[in-house]
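Colleague: I would like to go through this structure feature by feature. Please show me how to read each one.

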Amino acid sequence: MKLLQYLGSRFVAYIAVLFIGVTITFFLPRLMPSDPIEGYIAQMQNQAGQTITPEAMDELRVQLRRLYGLEGSLVEQYINYINKVVLQFDFGPSLYSYPRPVAEFIWTALPWTLGLLGVSIVISWIIGNFIGLLAGFFHNSRFATTLEVVGVVIYPIPYYILALLLILQFAYIWQWFPLSTTIRPGPLTWEKVNAIIYNSFLPAMTLIIAGFGWNILSMKALAFATKEEPYVVFARLKGVKPRRIMTRYVFRNATLPQITALALSIGTIFNGALLTEILFSYPGLGLLMRTAIGSGDFNLMYGTIIVSIVSVATAAFFIDLIYPLIDPRIRLR
Amino acid sequence: MIRLNQLVATYTTVRGTVKAVDGVDLEIPSGNIVGIAGESGCGKTTLLKVIYGDLVYPLALDSGGVDYVFADDDRQEVTTETIQQYWFKRISYIPQSSMSSLNPVVKIRKQFVDFLEPKANKEETLDRVRQFIRQLDLPAEALDSYPHQLSGGMRQRMMVALATFFQPDIILADEPTTALDVVVQKGILLLLVRLQRQMQNTVLFVSHDMGVHYQISHRMLIMYAAKAVEFGESAEVFSAPLHPYTRMLIDSLPNIGDDHMRQGVSGRPPSLWDDLRGCRFAARCPLATQRCRDEEPAFIEHRPNHFAACHYAGDELPKVEPSA
């Protein structure tokens, strides 16, 4: 019963987050004083001079409003928008590469971002927590202290500096990895998988290195505190082997807040990915977003923003679903 | 039997070392429940830790030692350095914060056997554990639960089960019932007494509560400021205490039908950091003389099997007018 209640409340929260996110992305641009259509027409007039008649201009205005989904009152627009975006996943055509639909661009870019982020988040979480656990559990050993220093040194470096340093070292000076991502489209062959790994390695490494320092520090603090818990002390007094105390007693308990932290940090990681993709010209959602902003492609911008909201919320929701598996206090009563 | 030989145990702190147990020397006979009483900070828990062999920084054994004589293993010499291999097999421990001493995210079943050798037959052991806990008024399913699914009393019974299942010679219990309400507390105490009677193990039982000691302890050890001040049969300690401190502790207990204001022991124990000379209780003792302040009383047998460290052991306390 408790489990169902928990899952139910998480699902409601998930839907609420999506709804609020989608609503804000709808209203925010519409609250701006500038009207994109008037702006577009003014731009056209500048280029074409006085060759457009007022009638043609009105006709154009109506056409553009329909195209942008700006017809009718705000409420009508909103219902129309929700209907299209949520139910049909239709963000309209890309304005820059008219008439290719925005959804098509997103579907091509999404796997790249999800793959890069998924792999690097998991790896940096595992490495960071493993080192943090060792550093917290064997806090007297020199090995652990060294590891902790690594975390302390890496953590405060701004991501873009770290990434640029790595690019400079590995892609420019040593030339082990390409400076920017170039992968030819085509069927998924073994060769292509190799190319993907070769091209994604450096971007993934920057994300892993940037992420695991924080994991080391927080896991170290948690493991150190958990070590003093009465059940850990009692396990030691029972004569349980230190290794088992570390895994079954300290790790199992210290990992719970770390999983919550992972859910909370996914949003930030997504921002990091935006930078990564720009720095490495990696063909993911972040690069798409930048292209959209750079070329004033409103529909594409909407699309990428909404997809990022959905991805972050979904990832957090999945972590919430995993939580009862590792904490029986949520699963059972 | 456990023999404590001039035991001195110290804690290392930033200010230096402090002797938390200072020269305790006595012989605890087997098959008894020995109650240990005294104020906070008098060294009760430290004494248990030393006997258990849990000597981790900042606690260290300064001098003296513990001789364990296990009933069926006379030849092997066991010291505080080697007792660890017998943890929960021959010597077990019921901790102070037993309410939170079970890992919240692991089933109790696993916590019951995870200190056994890898080659031990755990399934067979668990079957015996299931039968055993039924005697302790615990349902067999309790073993397959997580700690949060059990009540405080059940969790405490589980701790008692864990500490007694392997029939250890010695059980150390450090205020095992402090966190429980009085009714549950009584149940746990009766259980402990019943199991002790069955298994005839030696139980060292620390509690502040003289009432509890009166009910369950066969022998009493009274500690004061890191020293043992009185040790003897419970009945005698309660009826004819030798040390004035013991007498004052007992006098502070209420009797049914007596509505007089109880006389507490005024003052506080001396700081162990001070340069302690003479009897440590002298400052609070109504019998204290110059001799007490200068000369430390030896811990000697005043009556058969009844030890005390007092120059005026057994003397009547002066009558104090109950404060209005």
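**Contacts between the chains**

Modeller: This is a predicted model. Between chain A and chain B there are 11 residue pairs in polar contact, with both residues at pLDDT 80 or more.

Colleague: Which elements of chain A touch chain B with two or more residues?

Modeller: They are α9, α10 and α13 (328-331) of chain A. By class, the side of chain A that touches chain B has 10 nonpolar, two polar and nine charged residues.

Colleague: How many salt bridges are there between chain A and chain B?

Modeller: The count is three. In a salt bridge between Arg236(A) and Asp54(B), the side chains meet at 2.8 Å, N to O.

Colleague: How should I read the size of the interface?

Modeller: Interface size is often stated as the accessible area that is lost when the parts come together. Here, the area buried between chain A and chain B is about 2,100 Å², and carbon and sulfur atoms give 60% of it. On the chain A side, the residues that lose the most area to chain B are Phe234(A), Leu237(A) and Lys238(A), which together make up 32% of what that side buries. As for contacts, 21 residues of chain A meet 25 residues of chain B.

Colleague: Let us turn to open spaces. What is the volume of the largest pocket?

Modeller: The volume of the largest pocket is about 960 Å³. Its lining has 33 residues, and the closest to the centre are Glu228(A), Val233(A), Arg236(A), Asp54(B) and Val56(B).

Colleague: Which elements give two or more residues to the lining of the largest pocket?

Modeller: In chain A they are α9 (230-238) and α10 (242-280), and in chain B α1 (44-52). The most comes from α9(A), with six residues. By class, the lining of this pocket has 19 nonpolar, seven polar and seven charged residues.

Colleague: How do the lining residues of the largest cavity divide by class?

Modeller: Six are nonpolar, five polar and three charged. In the second largest cavity, with about 50 Å³ of space, the lining divides into nine nonpolar, one polar and no charged residues. Among the residues that line this second cavity are His243(B), Phe281(B), Leu287(B) and Tyr312(B), as well as the cysteines Cys279(B), Cys285(B), Cys292(B) and Cys310(B).

Colleague: Back to salt bridges. How many does a search of the whole structure find?

Modeller: Over all chains, 23. One to look at is the pair Asp58(A) and Arg61(A), whose side chains meet at 3.5 Å, N to O. Both residues lie in helix α3 (residues 54-68) of chain A, three residues apart, which is about one turn of the helix.

Technical notes. Residues are numbered from 1 along each chain as its sequence is written. Chains are lettered from A and ligands numbered from 1 in the order in which they are written. This is a predicted model: local features need pLDDT of at least 70, side-chain atom pairs count only at pLDDT 80 or more; totals for chains, interfaces and linings use all residues. Side-chain values use heavy atoms; hydrogens and water are left out. On a 1 Å grid over the protein atoms alone, a cavity is a set of points where a 1.4 Å probe fits but cannot get out, and a pocket is an open set with protein on both sides within 12 Å along at least five of seven lines; lining residues have an atom within 4 Å of a point. Grid points are joined across faces, edges and corners, and a volume is the space filled by probe spheres set on the points. Helices (H or I, at least four residues) and strands (E, at least two) are DSSP runs, numbered from the N terminus. Ala, Val, Leu, Ile, Met, Phe, Trp, Tyr, Cys and Pro count as nonpolar, Asp, Glu, Lys and Arg as charged, and the others, Gly among them, as polar. Contact means heavy atoms within 4.5 Å. Buried area is the accessible area (1.4 Å probe) that two parts lose on being put together, summed over both. A salt bridge is a side-chain nitrogen of Lys or Arg within 4 Å of a carboxyl oxygen of Asp or Glu. A polar contact is a pair of N or O atoms within 3.5 Å; within protein, one must be able to donate a hydrogen and the other to accept it, and residues adjacent in sequence count only if both atoms are side-chain atoms.
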